[in-house]
Amino acid sequence: MAKYLTSKIIKSTRLALGITRKDLAEGICSEETLYHCESGQHEVTREIYEQLMQRMGRIGEKNYTFLSVGGIEAFELQEELEKELECRNISKAYLLLKELERTMPEEQWDINDRQFFITYHARIDMEIGKITEDQCLKKLKEALNLTMKDVDKINLDEWVFNYQEQMIILNMIEVYRRIGYDKEFIELLLKMIENIKNAEMPGWEEDYVFFTTCYLKLIDEDPERCEEVLKLAEEMLLLCKKIKISQVVSDLYDSILCSIKKAGEQGERKLELEMQALKRSYYLSIAAGDYSNKAMENIWMKQYKKKDFIV
């Protein structure tokens, strides 16, 4: 996720929830101090920041990439789990999730740990046929509700999404792709993308790429939108290279490949376009410095066994 300023996180979360400065500040600091904190005129102490965020149902100094308990072993298992899912090795991911649960006793979980396990169980259980798409979507919304209570009442134009909430949204989109996309959800994504771009806060590019990728994954099977998908996906891949992120590179590749197929290209011409798109994404993922390139190697081996992939 983007690295937002502390002042931006406090103000945006308060506005999204419709809380007045007076109500948020009561018992923590003066209303004037809160105003100065939100405007960046006053350095926010860690204690005040955590109290403000906890009052709004958020955890202050939490790195949402990591789980709260289990130490280095849990961290390594989580990293491996995410890599296997990225590479579409569902059976291996399932075993890793079970191992992670053994490492992290449920009685020690905080709300974010619980959100993590609900999300990954829903995703994996759907992939192995244990639950239906509708059941998966229900569980993902349940997970999102843990940190976004009364989501229908939140002004999402102002909401600062944490890493885990972004992953839940991405998984929801995977389900929507199977059962048919929701027009209201698309309109919401487009509005958020526009707001992120216009705000141009420090680190805005990461969230811009992420939510644009979500939008592309919802529309990339629409034959009438192929040109839009290919153009936007190329722009996002170049932005990924510029800001050195790779978490969504393979998703962008999937959208490119899907649009190429929907565009009706046939035979060797279609194969050539697919291979060019995969190679381009592969090189960009290497430039971004993450593990998405391994997923693409796997895709290449499965789809083009008789074709050379010169790296």
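Is arginine 102 buried or exposed? At 59% relative accessibility, arginine 102 counts as exposed. Keep in mind that this is a predicted model.

**View 1. Arginine 102 pairs up with glutamate 99.** Here we're looking at a salt bridge whose closest N and O atoms are 2.7 Å apart. Both partners sit in helix H6 (residues 90-103), three residues apart, which is about one turn of the helix. Glutamate 99 is partly exposed, at 27% relative accessible area.

**View 2. Lysine 217 meets aspartate 251.** Their side chains form a salt bridge, 3.3 Å from N to O. Lysine 217 belongs to helix H11 and aspartate 251 to helix H13 (residues 249-262), so this pair ties together parts 34 residues apart in sequence.

**View 3. Glutamate 38 joins arginine 21.** This salt bridge spans 2.9 Å, N to O. It links distant parts of the chain, with glutamate 38 in helix H3 (residues 31-38) and arginine 21 in helix H2 (residues 21-25). Glutamate 38 is buried at 6% relative accessible area, while arginine 21 is partly exposed at 24%.

**View 4. Arginine 225 sits in a loop between helix H11 (204-219) and helix H12 (226-243).** Arginine 225 is partly exposed, at 24% relative accessibility. Leaving aside neighbours within four places in sequence, arginine 225 is in contact with Tyr215 and Ile219. Lysine 262 is 37 residues away in sequence, with 9.3 Å between the two C-alpha atoms.

Definitions and conventions
Residues numbered from 1 in each chain as written. Predicted model: local features only at pLDDT ≥ 70, side-chain atom pairs only at ≥ 80, totals over all residues. Heavy atoms only, no water. Helix = DSSP H or I, 4+ residues; strand = E, 2+ residues; numbered from the N terminus. Buried < 20%, exposed > 50% of the residue type's maximum accessible area, 1.4 Å probe, protein only. Contact = heavy atoms within 4.5 Å. Salt bridge = Lys/Arg side-chain N within 4 Å of Asp/Glu carboxyl O.
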